[in-house]
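Please walk me through this structure in plain terms. I have not seen it before.

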Amino acid sequence: MKRIAVFTSGGDAPGMNACIRAVVRGAVYHGIEVFGIRRGYNGMISGDIFQMTSHSVSNIVQRGGTILKSARSKEFMTPEGRAKAYEQLKKFDIEGLVAIGGNGTFTGATLFFDEFGIPTVGAPGTIDNDLYGTDYTIGFDTAVNTALEAIDKIRDTADSHDRIFFIEVMGRDSGYIAIQSGIAGGAEMVMVPEVLTPIPEVIEILKSGWSRQKSSSIVVIAEGEEAGNASDIAEKIRQQVQPDIDMRVTTLGHIQRGGVPTAYDRILASRLGLGAMEGLMNGEQNVMAGIVNNELVYTPFRDTIRLPKPISEDLLRMVKILSV
Ligand code: F6P
């Protein structure tokens, strides 16, 4: 393989820049020409492609966001869009791709390979940590720490005013950010989409806290929780307990997607970026580079897309035990 391209796609995640850097520097080290594609599949379709050198990735290892920008491309989901993208890659003689993103990105790459035979190796970049085939995804650790910092601050004011706070964290279909930030932040309860939590159970936990003179409580809720968003859940609870209970809702939102990546995310991103690039060079195709039990592994896209990554029920059990 003589010429490859790298792009970031889907929701951005802190550490994507460290990953781009590893792909580019790895390619330079191995004597492979490397191109950057801006704005994910949209840039592939419009031909927003440029040659990168070792210098193009100087001074980015510590930066959040992605210097290549990102997008969720609707056009690439159409056969016409993919045909346009193929024509652009042909112009640059690009033989293989490194895609930094999540399941949507890998679904697009699989279709693209089936139609045009361009191989892709993926690096898991999403704060949600919802990809099978890697213990952690790039950006997850930073997002958890950002959420935790917010939870700690909210705990101060919750305690001063004897309030219950419902804090919604990101995670479209996944409770990983919720469970980890909830445990680290000492939450009374964590609600995740993977496991049904009946509202009466939440009320039970809160009431038993009050009966033990707990003056404030924190409930962390993942965005994708089936019972609804944090405001819906707070309202349901308000209707079923004394209406004068003092409750507040905070939705942390996109603050979790930005910021300086943690050391953990930078190292993970560097390993996965180099692993993806070297995998592509060695003939891997349509697989995602991941780290499982501290080893680099490649998992077929069809498995990362299809297989669930279950959340540990032990952790959920622990939240309940530790909130007594
Ligand atoms: O990238 C994952 C994620 O942050 C999810 O947690 C969230 O549901 C979604 O992206 C938000 O996407 P957007 O930035 O497009 O609104």
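Glutamate 149 and lysine 153 both belong to helix H5 (residues 140-161), where four residues, about one turn of the helix, separate them; helices here are DSSP runs of H or I with at least four residues, strands are runs of E with at least two, and both are numbered from the N terminus. The two side chains form a salt bridge, with the closest N and O atoms 3.3 Å apart. That term means a side-chain nitrogen of Lys or Arg within 4 Å of a carboxyl oxygen of Asp or Glu. Glutamate 149 counts as partly exposed because its relative accessibility is 46%, whereas lysine 153, at 53%, counts as exposed. The cut-offs are under 20% relative accessible area for buried, over 50% for exposed, and partly exposed in between (1.4 Å probe, protein chains only).

The model is a predicted one, in which local features need pLDDT of at least 70, side-chain atom pairs count only at pLDDT 80 or more, and totals for chains, interfaces and linings use all residues. Residues are numbered from 1 along each chain as its sequence is written, and side-chain values use heavy atoms, leaving out hydrogens and water.

How many salt bridges does the structure hold? There are 14. One of them joins arginine 82 to glutamate 115, at 2.7 Å from N to O. Arginine 82 lies in helix H3 and glutamate 115 in helix H4, so this pair ties together parts 33 residues apart in sequence. Arginine 82 is buried at 4% relative accessibility, while glutamate 115 is partly exposed at 37%. Lysine 84 forms a salt bridge with glutamate 75, and their closest N and O atoms are 2.7 Å apart. Arg38, Arg39 and Asp48 are linked in a network of salt bridges.

Arginine 38 also has its charged end over the ring of phenylalanine 50, 4.1 Å from the ring centre. A charge sits over a ring when NZ of Lys or CZ of Arg is within 6 Å of the ring centre and within 35 degrees of the ring normal. Lysine 309 is placed in this way over the ring of tyrosine 176, 5.4 Å from its centre.

Rings also pair with one another. Rings of Phe, Tyr and Trp (its six-membered ring) pair if their centres lie within 6.5 Å; planes under 30 degrees apart count as stacked, over 60 as edge-to-face and the rest as tilted. By this rule there are ten aromatic pairs. Phenylalanine 35 and phenylalanine 92 have ring centres 5.8 Å apart and planes at 65°, so they are edge-to-face. Phenylalanine 35 is in strand S2 (residues 33-37) and phenylalanine 92 in the loop between helix H3 (79-91) and strand S4 (96-101), 57 residues apart. Tyrosine 86 and phenylalanine 116 are stacked, because their ring centres are 4.6 Å apart and their planes are at 15°. This pair links helix H3 to helix H4 (residues 103-116). Ring pairs join Phe7, Tyr41, Phe76, Tyr86, Phe112 and Phe116 into a cluster.

Alanine 289 stands opposite tyrosine 298 in S11. The two strands form a hairpin with two residues between them, and asparagine 293 in the turn has a positive phi of about 50°.

Key. Two strands pair if DSSP finds at least two bridges between them.
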